[in-house]
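User: Can you walk me through this model? I want the surface, the helices, the pockets and the charged pairs.

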Amino acid sequence: MNGNVVLTNEFLLVAACCRWPPSERRNAAIRSSASQPIDWANFVRVVERQRVAGLVHDGLQSSGVEPPPTVKAHLAAEAGEVARQCLKLASEALLLQAAFDRASIAATFVKGTALDLLAYNKIGIKYAWDIDLLIMPRDVRRASDVLAAAGYKRIKPPTNFAEDRFDAWIGFAYDSLFLNERNNAYLELHWRLFSNPSLMSGVTAASSSRQVAVASGRSLRTLGDDDLFSYLCMHGAQHAWSRLKWLADLAAWLSTKEAGEIERLYRKSRENGVGRAAAQALLLCAQLFALPMPQDFLAELKADRATRWLVAIALDAMAGASTPEQTDDRLLGNLKIEISHFLLATGTRAWLRELNSKLIGGIDFQRIALPRPLFFIYAVLRIPSWIWRRAVRLGQSRQSAD
């Protein structure tokens, strides 16, 4: 299933540290991986690439594996920073939920603090850099006002975007990025879950949700189990699981569930149109984290050739052959990942909408203001614009290497 992907000793040790929950079984897996020759400098690069310092620090400590002192100190410092960032974002999320409730705006938090608690039963071990908030499309402008009052400034698209252009952005895109310059907290405001409007189109801020207790008398609203599973799988698949952190979070959450419930979630994901993404995710969880599932169920997931190809793409995106390189630094960038999106889209309508989202690039949409009747020009610009950005990116990478 690995194809030509080489999973290095360093990557495998990092993956072993990311297993959850803490147990002697996890400790044994970590000690077994650590018994192989480890390039500790490369190990640190893998940890940083995968953004799992908190999990790795916890795993090494629990298993009694002692890395070199400089590596141990570095991981401890990174884990401390992860914990501080998580606590900051948890506090921000609680304040924002209260603000949106006062404004009577339906808002649901996806991933973030709520997933932290569902997966790990604590805050501070899972890397996070932003808050993801889902609202209804009709509430985008009111939500932007609430965020502005809370100290957040919109940075994507920029605030100097003309009003009619922002209306077009709401129809074209699925999110905007905000920054609270007071505490450097980022927030992604979503009015759809994915750029392809056919993916999980029935899941909105008005969908069935659940409350996750954060502190005494305070909780956050997040997706229900069925929608959360489907979303986490498709979100990871959209990025080809290029950060191990996303898969680790999913596997940790699934470790709290019986095998029969995991299979039920998979069946439900197929109803949501994201079955192939779910199959990819479950196979990766079984391979990298030994998530227990019945063999006949795993055989069913492996039977689809496209799913096996998606697994190979994900392993390549995570491990990057023999080095933990960023996939965007390669000659063709994320082209293979972009192509994989067509395997994830189910049905002709979803496939055509995926094609449409690929033909109009977000960067081009922000840079060049075209009236709606001329939107077809974005498709003409797409390839030369992409080639130009690839050349600039690769040139910058070479300069950094020098």
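Analyst: It is a predicted model. Patches are made of residues with over 30% relative accessible area and no salt bridge, and nonpolar side chains are joined within 5 Å.

User: Which residues make a nonpolar surface patch?

Analyst: Trp309, Leu335 and Ile339 make one of about 270 Å².

User: Where is Trp309, and how exposed is it?

Analyst: Trp309 sits in helix H14. Its relative accessibility is 39%, so Trp309 counts as partly exposed.

User: Which ones are buried?

Analyst: In H1 they are Glu10, Phe11, Leu13, Val14, Ala15, Ala16 and Cys17.

User: And what covers them?

Analyst: The cover on the buried residues of H1 includes H2 (24-34), H3 (40-50), H4 (53-63), H10 (244-254), H12 (275-289) and H14 (305-319).

User: Let's take Arg26. Buried or exposed?

Analyst: Arg26 is buried, at a relative accessible area of 2%. It belongs to helix H2.

User: What does Arg26 touch?

Analyst: Leaving out residues up to four places away in sequence, Arg26 touches Ala16, Cys17, Arg19, Trp20, Pro21, Asp58, Gly59 and Ser62. Ala16 and Cys17 are among the buried residues of H1.

User: Pockets now. What is the volume of the second largest pocket?

Analyst: The second largest pocket has a volume of about 250 Å³. Its lining has 20 residues, and Trp20, Pro21, Arg25, Ser255 and Pro292 lie nearest the centre.

User: Which elements give two or more residues to that lining?

Analyst: They are H2, H10 and helix H11 (259-271). H10 gives the largest share, 4 residues.

User: What about Leu199? Where is it found?

Analyst: Leu199 is in the loop between strand S5 (185-190) and strand S6 (209-215). At 7% relative accessibility, Leu199 counts as buried.

User: What is it in contact with?

Analyst: Leu199 contacts Phe194, Met234, Gln238 and Ala345, setting aside neighbours within four places in sequence. Leu199 and Ala350 are 7.2 Å apart in space, C-alpha to C-alpha, and 151 residues apart in sequence.

User: On to charges. How many salt bridges does the structure hold?

Analyst: It holds 18. One of them joins the side chains of Glu92 and Arg182, at 3.3 Å, N to O. Glu92 is in helix H5 and Arg182 is in the loop between strands S4 and S5, so the pair ties together parts 90 residues apart in sequence.

User: How accessible are Glu92 and Arg182?

Analyst: Glu92 counts as buried at 5% relative accessibility. Arg182 counts as exposed at 60%.

User: Which salt bridge does Asp175 form?

Analyst: The side chain of Asp175 meets that of Lys156 at 3.3 Å, N to O. Asp175 is in strand S4 and Lys156 in strand S3, 19 residues apart. Asp175 is buried, with a relative accessible area of 5%, and Lys156 is partly exposed at 28%.

User: And which one does Arg210 form with Asp225?

Analyst: Their side chains meet in a salt bridge of 2.7 Å, N to O. Arg210 is in strand S6 and Asp225 in helix H9, 15 residues apart. Arg210 counts as partly exposed, at 30% relative accessibility.

User: Which residues share that network?

Analyst: Salt bridges with shared partners join Arg210, Asp225 and Lys257 into one network.

Key: Residues numbered from 1 in each chain as written. Predicted model: local features only at pLDDT ≥ 70, side-chain atom pairs only at ≥ 80, totals over all residues. Heavy atoms only, no water. Buried < 20%, exposed > 50% of the residue type's maximum accessible area, 1.4 Å probe, protein only. Contact = heavy atoms within 4.5 Å. Patch = residues over 30% accessible without salt bridge, like charges linked within 9 Å, V, L, I, M, F, W, Y side chains within 5 Å. Areas by Shrake-Rupley, 256 points an atom, 1.4 Å probe, with all protein chains shown as cover. Salt bridge = Lys/Arg side-chain N within 4 Å of Asp/Glu carboxyl O. 1 Å grid on protein atoms, 1.4 Å probe; cavity = no way out; pocket = protein on both sides within 12 Å on 5 of 7 lines; lining within 4 Å. Points joined across faces, edges and corners; volume = space filled by probe spheres on them.
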